[in-house]
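Thank you all for coming; I would like to walk you slowly through one structure this morning.

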Amino acid sequence: YGSFNETNITGEQTGNTFSGGDYLFNIGVGHNWNKQIYYGLNFKTIYGTYDIYRSFALAADASITYQDTVNNFSGGIILKNIGYQLKPFNNQRENL
């Protein structure tokens, strides 16, 4: 997110700067199991850094879709962000 000016509790600038950012590495696969059923999987590593605070998590997504082109119908189910925060910010674990 770039560089930020550090301030104290009263809002005065200290002269120091810090940076922050969020990063995601994602790898996935999707496939047609037969003519009507499709599935997909994603595996993710998530990293965040804000000044002295760091967080790291692993997560996955899974989906399955049914498509009937003859009857013009499709439906699906997706499970998103199944995972766990391995290293939380400031020992405060968060939901993915």
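Predicted model: local features only at pLDDT ≥ 70, side-chain atom pairs only at ≥ 80, totals over all residues.

Let me begin with Phe43, which lies in strand S3; strands here are DSSP runs of E with at least two residues, numbered from the N terminus. Residues are numbered from 1 along each chain as its sequence is written, and side-chain values use heavy atoms, with hydrogens and water left out.

Phe43 counts as partly exposed because its relative accessibility is 47%, and the scale calls a residue buried under 20% relative accessible area, exposed over 50% and partly exposed in between, with a 1.4 Å probe and protein chains only. Phe43 is also one of the residues that make a nonpolar surface patch of about 1,100 Å², including Trp33, Tyr39 and Leu79. The elements that give two or more residues to this patch are strand S2 (13-32), strand S3 (37-50) and S5. A patch of this kind takes residues with over 30% relative accessible area and no salt bridge, and joins nonpolar side chains (Val, Leu, Ile, Met, Phe, Trp, Tyr) within 5 Å, whereas like charges are joined within 9 Å. The areas come from the Shrake-Rupley method with a 1.4 Å probe, and for residues only the protein chains shown count as cover.

How many salt bridges does a search of the whole structure find? The search finds one, a salt bridge being a side-chain nitrogen of Lys or Arg within 4 Å of a carboxyl oxygen of Asp or Glu. Asp61 and Lys44 form it, with their closest N and O atoms 3.1 Å apart. Because Asp61 lies in strand S4 and Lys44 in strand S3, the pair ties together parts that are 17 residues apart in sequence. Asp61 is buried, at 14% relative accessible area, and Lys44 is buried too, at 11%.

Finally, let me turn to two asparagines. Asn72 has a positive phi of about 55° although it is not a glycine, and Asn72 is found in the loop between strand S4 (53-68) and strand S5 (73-87). Asn81 likewise has a positive phi, near 55°, but its place is in strand S5.

Note on methods. Helix = DSSP H or I, 4+ residues; strand = E, 2+ residues; numbered from the N terminus.
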